[in-house]
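Open the model in your viewer and keep the selection panel at hand. This tour goes from one selection to the next and says what is there.

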Amino acid sequence: MTAPNTLPWGRAVRVIARRDLLEFVRDRRTLFVTLLMPMAMYPVLALASTLGLRTALSDQEARQAPRLLAIALSGPDAEPLAIRLEQVVATVADQPPADWPAQLTAEPVPARAAQQQLDDGTADVWIDAPAGTVAALDGRGTVPLEARVSALRPIDTRRQRHLLAVVRALAEDARRQRIEAAGLPPSVLEPVVLAFAGGSPFESVASMEGILPTAAGGVLVLLALLTATGAFYPAIDALAGEKERGTIETLLLAPATAGEIVTGKFLAIWGVTLASLLVNALSICLTSLVLLRFLPAGIDLGVDAACLTSAALVTLVGYLGLAAVAAATCLAVTSGARSGKEAQNTLTPVILLVSGLAGSALLPGADGGALAAIPFAGQVALARDALAGAATSVLVFRLALSLGAAAAATWLLLRGAAAALGDEELLFRGPDVAGSLLTRPAPRSRPTPMQGFAAALVAFAALWYVQGIAPTDLALAVPIQQAALVLPLIAVVLWQRVDPVTTFGLTAPGGHRWPRAVVGGVFAGAGLFILGATATLALRGTHLSPAARDLAERIMGLLLDRPWWLSGLLIALLPAICEELFFRGWLLAAFAGERPSRRRAVAAVLLQAAAFAGFHLLPERMPQTFLLGVVLGWMTLATGSLVPAVLAHLAHNAVPLVLVALAADGHGQRLAAGDTTTLPGWLVPAAAGAAIAGLALVHAARRQ
Amino acid sequence: MIEAAGLSKHFRAADGTVVKAVDGVSFVVAPGEMVGLLGANGVGKTTTMRLLATLLKPTAGTARIAGCDVLADPLGVRRRLGYLSATTGVPDRLTPQEVLESFGRLHGLEPAALTDRVPALLDALGLTSCAARPCGRLSTGQRQRVSLGRALIHDPPALVLDEPTSGLDIVGARDLLDLLERLRGEGRSILISTHRLHEIERRCDRFLIIHAGRIVAAGSRAEMAAAPGGLEGAFFAAVEPGAEL
């Protein structure tokens, strides 16, 4: 028997996918998490929320139900006033006005008895009717009534409204009698009457308007989370589990590339994740049908059936991409783990992060268009807007964008997983040793990728927490933010004993060609600011989110009100040094490693640029900062030095300063604030020329 | 044929020092020959075998399996090599039949060929009675035989077996070694490592003794048997301090 020398493309992928799928469906944990949990989760949640809703509605109904109102009348005119009130009750019996009590009693009693009734709760209110009260009602005067309430048993707001309704009806009755006495028609008091035709508009006892979008948003986030959870156990089983059982070696011994193995495993995990998605969707549909029966009659859902169908379709298609990214993420994250336990520990925070990302789409002001390309958040935002009835063309465009972004993210993650699968150290190093975090490592030339990730997480967390305590004044806020970035880094560098010269590229760029790298960095940085600002404005317009507008105003305030050297220090110099040390120094060195292959270099540059964009926190600035991060990362790798990137960053951030300083007529101020409508025509071509010339100079100074 | 030429593998240890796990190893295992690779723990046996199986990339030197170079054509090597170690496991939730079928397909065997090959292999390995039972419910010996079946499903001309009898009882070990002798008789090149010298001293044609990443002694079965203390004596003489190469 002889095996063929080459296999048809995709055959190994299919065999591995089939083999893994067979294993997954025989795993009870996977079946439980994928199929049973969603079937039980939604009914339980729906039951709990329905019971809560019913309780809330009943409570509301009970709070709105009319109550008894007992009035104790005293004084000489108590008797006639009681009779008058009886007449009023009879008058409104057919159509009680708003807030009318369920039953009204008005008993004439002596003053002492009235006080007693107030104190023992027999009467809600005590009104003294002096002599002439009823006569004044019939005449043309104003009757001053004083309603006394008990200090022991204060009257509640509901009964206060009942009393006001009774007094209004009494006044209305008196008014009508006065009109008749004056010989005027009743229409004098009613110049306009409104009637509803075609049925009463107040049939519903309550409306779901306002409740439904919130509930739907919650369900969409839950759907994203449970779909991602569907990939949890299969992903752990697929690589870490195979390493633990010793079966991964058998796959690596087969004539299949790491890419084919990873793709086969991804397809199997995606299959399980899709099954999880479908079961979740089915459970949501069935639960919704049951929920409708549970709801009290007359509830207005405020949902259009056609809109609901298209929204469900958009959600399902969008979530196909979400399931792919979830499967690839879980596979990539667990590819570095040596055992199931290690994989579980690594994957758990990632799943929490994913749910946070999905939930961010529901934050007030979250722009669905901007989020479309961000996995998890994009799909939730898309489904939310589809439910809200967004235009079909908008939905189709964003769906295509979301699927494209999901495909790209999946591809990148699978490349990462394949690289990890081929990594001998990850494959054969054995499980992590407990307590290794507290063991000071041996000195090394540059940080490991894991140290890079850890530093990025610490810096991001530090930056986030600093946002809460940093003062609004940029003169203080900027140094605090930059300190939050570099202080933990300094501690880590000292602890890890990495070589600062190698890690941070503290060498002359390009050897004897350093002047080219220096000039090129400055030209490229300055040119890129103008180009980036122009492109951003062309794509997004001048509309800014409140946070971005606030920051722009604070920067302008700093530029105009503070000395130029302080603005330069805070806006240009400090960020150029601190951020470059962190992103193009530590992170790039960690991700690229020593003598990186082209692929690894590209991945390292993209990763640190993504972290750099995320560090700026404002979504509208992220594309520009990401591209800047890519260019600065390339400069650093090309020249082997951090200097060109620092100078480029410095020049980039200094452009607004220069514009403000140069423009006496306010033109530069508008430019610095982002208003390019008055840009001189030559500026953009000049900026493009500067950027190209700068990049060419840096390229000419690259390492051999 | 299995050929290693100046095969080396160096690792960087946690303290930054370079560890030469395998250091310039060269040998040949001819077709129809079973060669024992002997050595203490941590001297480079497993690393050498992983280099041959393309699980690791050599730092220097190279190796060829049935004419295919481990660096130039790793997939070709895998098509021509059956590899088994004490740590290579079998999937718990698949049956022996499914394991053999899936690896047969991975090696490009057509369904028609598998229909004949899988039952024959299961029968040869004594696994017919448990062919439909999940591997997780099999005994250690049965699981190791499934592993061997996985390594043999594509009928490779060369076998690299790293402590294949580890964990097996005396009967299981004997049966497995008997099977290997039959496979040698079919003309396959077999490189086997084990700590149990008595198991292989009468079965291997030649022996290689590895120590600190280098082949420190080599000889035929007759030469080793003639040494003072037999194979065991030759082994200790080669690996103990002061031993002459």
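Two strands count as paired if DSSP finds at least two bridges between them. Helices (H or I, at least four residues) and strands (E, at least two) are DSSP runs, numbered from the N terminus. This is a predicted model, where local features need pLDDT of at least 70, side-chain atom pairs count only at pLDDT 80 or more, and totals for chains, interfaces and linings use all residues. Residues are numbered from 1 along each chain as its sequence is written, while chains are lettered from A and ligands numbered from 1 in the order in which they are written.

**Stop 1: a strand in chain B**

Select β3(B), residues 34-38. β3(B) pairs with β8(B) in the parallel sense, over 4 bridges. In that pairing, M34(B) stands opposite I190(B). β3(B) also pairs with β9(B), residues 206-211, again parallel and over 4 bridges. Here L38(B) has I209(B) as its bridge partner.

Now show the side chains. Which residues point one way from β3(B), and which the other? M34(B), G36(B) and L38(B) go one way, V35(B) and L37(B) the other. In a regular strand the side chains alternate between the two faces of the sheet.

Burial here is a count: a residue is buried if 20 or more other C-beta atoms lie within 10 Å of its own, exposed if 12 or fewer, and partly exposed in between, with C-beta atoms placed from the backbone. Of the 5 residues of β3(B), 5 are buried, so the strand is largely enclosed by the rest of the structure.

**Stop 2**

Contact means that the C-beta atoms of two residues, placed from the backbone, lie within 7 Å.

Zoom out to chain B. It has 9 helices and 10 strands. Of its 245 residues, 51% count as buried.

**Stop 2: where the chains meet**

Show both chains. How many residues of chain B are in contact with chain A? There are 31, and they meet 26 residues of chain A. On chain B, the helices α2, α3 and α4 each supply at least two residues of this side. α3(B) gives the most, with 5 residues. By class, the side of chain B has 13 nonpolar residues (Ala, Val, Leu, Ile, Met, Phe, Trp, Tyr, Cys and Pro), 10 charged (Asp, Glu, Lys and Arg) and 8 polar (the others, Gly among them).

Is D27(A) buried or partly exposed? It is partly exposed, because 18 other C-beta atoms lie within 10 Å. Leaving out residues up to four places away in sequence, D27(A) touches Y233(A), D237(A) and R93(B). Y233(A) is 206 residues away along the chain, yet the two C-alpha atoms are 9.2 Å apart.

**Stop 3: the inside of chain A**

Chain A comes to 27 helices and 4 strands. Select I269(A), A327(A) and L331(A): they touch the most other members of the largest nonpolar core, which has 153 residues. Such a core is a set of buried Ala, Val, Leu, Ile, Met, Phe, Trp, Tyr and Cys residues joined through C-beta atoms within 7 Å. Helix α11(A), residues 305-334, gives the largest share, 14 residues. Apart from this core lies another, of 71 residues, including V486(A) and L628(A).

**Last stop: confidence**

Color chain A by pLDDT, the predictor's confidence in each residue, from 0 to 100. The mean is 82, and 88% of the residues reach 70 or more. Over residues 201-206 of chain A, pLDDT is below 50. Where pLDDT is low, the predicted coordinates should not be read in detail.
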